[in-house]
Amino acid sequence: MVSFVCDHCGKCCTSIGAYIKIERQLSDRDYYCKNTITGEVFPVHVVPEFAEEIDEEVISGAAGSRSGCIFLRRNPAGPGFVCAIYPTRPRLCREFRCYHMVIFNARSEPVGRMVGRADIQTADPVLARIWNDEVKPLPSPATPCCDPAWLERVRAILTAHGYREEPVG
């Protein structure tokens, strides 16, 4: 199983993060938040470098006007985005995977990732053609990445063309 590696694109936090709402501010760095999908209430602690910025947004009321998660911030150390509550992020965020499978070529080089329900990100034109012609037409269960029969069929297709897949955990 391949380990999930975040590329700091921020797409998860702009989508699922919209369901995280601050219920109550406890201090300038501590909040009770609620997952509006599950109703789960959880404490979060903002890392120091973002505490003042988030505190100001909450006090001014600007926090409610953001699309996505209030705790998503530009990465001060480089490109992309980071989570201001990463060490105390909720279960919804801890369990989220924006890709579910990594596909390797015959030289064991990663050449594709399965994203969403059964889409692929790849620069390999052969893999893209195989995926579009042979994998996409398969009857797709509600959660393909968790369906053993679907995964076995995909594995067989990829193996027949010299590729291999590994699930992301």
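Contact was taken as heavy atoms within 4.5 Å. Helices (H or I, at least four residues) and strands (E, at least two) are DSSP runs, numbered from the N terminus. Axes are lines fitted to C-alpha atoms, for helices over the stretch in contact, and angles run from 0 to 180 degrees between N-to-C directions. The model is predicted: local features need pLDDT of at least 70, side-chain atom pairs count only at pLDDT 80 or more, and totals for chains, interfaces and linings use all residues. Residues are numbered from 1 along each chain as its sequence is written, and side-chain values use heavy atoms, with hydrogens and water left out.

Helix α4 (residues 125-135) lies across β6, β7 and β8. It runs at about 175 degrees to β8. Helix α5 (residues 148-160) lies across β6, β7 and β9, at about 20 degrees to β6.

These strands form an open, antiparallel sheet of four, in the order β8-β7-β6-β9. Strands count as paired if DSSP finds at least two bridges between them. β8 (119-122) and β9 (164-167) stand at the edges, each with a single partner strand, so one side of each lacks a neighbour in the sheet. The twist averages 25 degrees from one strand to the next. β6 (residues 99-104) and β7 (residues 110-115) pair over five bridges. Val102 has Arg113 in β7 as its bridge partner.

The loop between β6 and β7 holds Asn105. Asn105 counts as buried at 10% relative accessibility. Buried means under 20% relative accessible area, exposed over 50%, partly exposed in between (1.4 Å probe, protein chains only). The Asn105 side chain reaches the backbone nitrogen of Arg107 at 2.9 Å. It also makes a polar contact with the side chain of Glu109 (2.7 Å). A polar contact is a pair of N or O atoms within 3.5 Å; within protein, one must be able to donate a hydrogen and the other to accept it, and residues adjacent in sequence count only if both atoms are side-chain atoms. Leaving aside neighbours within four places in sequence, Asn105 touches Val111, Gly162 and Tyr163.

A nonpolar core is a set of buried Ala, Val, Leu, Ile, Met, Phe, Trp, Tyr and Cys residues joined through side-chain atoms within 4.5 Å. The largest has 18 residues; Ile54 is among those with the most contacts inside it. Two or more residues each come from β2 (30-35), β3 (41-45) and α2 (48-60). The largest share, three residues, comes from α2. A second, separate core of 16 residues includes Ile130, Leu151, Leu158 and Tyr163.
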